[in-house]
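Q: I am new to this structure and would like to go through it with you. Could we begin once it is on the screen?

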Amino acid sequence: MLLRINPQERKQQNLTAIYEALLHLMSHKPLSMISITELCAHAHLSRSYFYRNFTSFDQIILTYQEQAILTYFRRLPRQSKITLPVLMTQYFTFMQQMATTNQLLIDNGKAQIIVQTFEAAYTLLIRHDRIITVTDSTIHHQPYYIAFFSGAVVNILIHWQQAGMVEPPSYLAQQIVRFTASHTGNGLK
């Protein structure tokens, strides 16, 4: 008897396969030297699969990472809203687990994808009103705020990773809260 995989599971399996194949190839040579044919052969997927689903290697990485971080954030405490310290502690814990992948992306000039991934997840949490704000609650809706905040968080992540991730994720979360509070004039400690 053949087991049938539902289309959603097949889609996820294919995304995982092409993402992991891309990371494997990136660990051996620069991204610019990887061809679509080579990637598809390593992923055991057709070139038509790639062209039907993606426009670039960046899109593969972004799609996979957005799904991964959203899945991780879904595991946040079940109360209706979460605080910034809890959110940031969870984020840095997740990123600590992804350190090898993050370094691979950074080394290949793809740090912006990490920013985009955070931005997409953070935007979704705001849209679903899942974040408790201790500052002006309209700040999330100000032009460029999410871009500013996402870039700052990921820049801290990159520096933390390059320094060997000595401090615990909760320390980074406290720093983010402190920096954003002092920036908005709340002066929270």
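Q: Is Q175 buried or exposed?
A: Q175 is buried, with a relative accessible area of 15%. Buried means under 20% relative accessible area, exposed over 50%, and partly exposed in between, with a 1.4 Å probe and protein chains only. This is a predicted model, in which local features need pLDDT of at least 70 and side-chain atom pairs count only at pLDDT 80 or more, while totals for chains, interfaces and linings use all residues. Residues are numbered from 1 along each chain as its sequence is written, and side-chain values use heavy atoms, with hydrogens and water left out.

Q: Where does Q175 lie, and with which side chain does it make a polar contact?
A: Q175 lies in helix α9, residues 169-184. Its side chain makes a polar contact with the side chain of R178, at 3.1 Å. A polar contact is a pair of N or O atoms within 3.5 Å; within protein, one must be able to donate a hydrogen and the other to accept it, and residues adjacent in sequence count only if both atoms are side-chain atoms.

Q: How many helices and strands are there in the chain?
A: The protein chain has nine helices and two strands, in the order α-α-α-α-β-α-α-α-β-α-α along the sequence. Helices (H or I, at least four residues) and strands (E, at least two) are DSSP runs, numbered from the N terminus. Of the 189 residues in the chain, 42% are buried.

Q: Which residues of α5 are buried?
A: They are L84, L87, M88, Y91, F92, F94 and M95. Seen down the axis of α5, these buried residues fall within an arc of 160°, so they line one face of the helix. The arc is that of the directions from the helix axis to the C-beta atoms.

Q: And what does α8 reach from its first C-alpha to its last?
A: Helix α8 (residues 145-162) has 18 residues and reaches 26 Å, close to the 26 Å expected at 1.5 Å a residue. The expected span is 1.5 Å times one less than the number of residues. The buried residues of α8 include F149, V153, L157 and W160.

Q: What follows α8?
A: G164 follows α8 and has a positive phi, near 95°. M165, in the loop between α8 and α9, also has a positive phi, about 50°, although it is not a glycine. Most residues other than glycine have a negative phi.

Q: What about H44: buried or exposed?
A: H44 counts as exposed, at 73% relative accessibility. It lies in the loop between α2 (36-43) and α3, and it has a positive phi of about 60° although it is not a glycine.

Q: Changing topic, which residues line the second largest pocket?
A: The lining consists of Q8, K11, Q12, L15, Y49, N53, F54, T63 and Q67. On a 1 Å grid over the protein atoms alone, a pocket is an open set of points where a 1.4 Å probe fits, with protein on both sides within 12 Å along at least five of seven lines; lining residues have an atom within 4 Å of a point.

Q: Which helix gives the largest share of that lining?
A: The largest share, four residues, comes from α1. Helices α1 (7-26), α3 (47-53) and α4 (57-73) each supply at least two residues.

Q: How far apart are A68 and T117?
A: They are 49 residues apart in sequence and 9.4 Å apart in space, C-alpha to C-alpha. A68 is found in helix α4 and is buried, with a relative accessible area of 18%.
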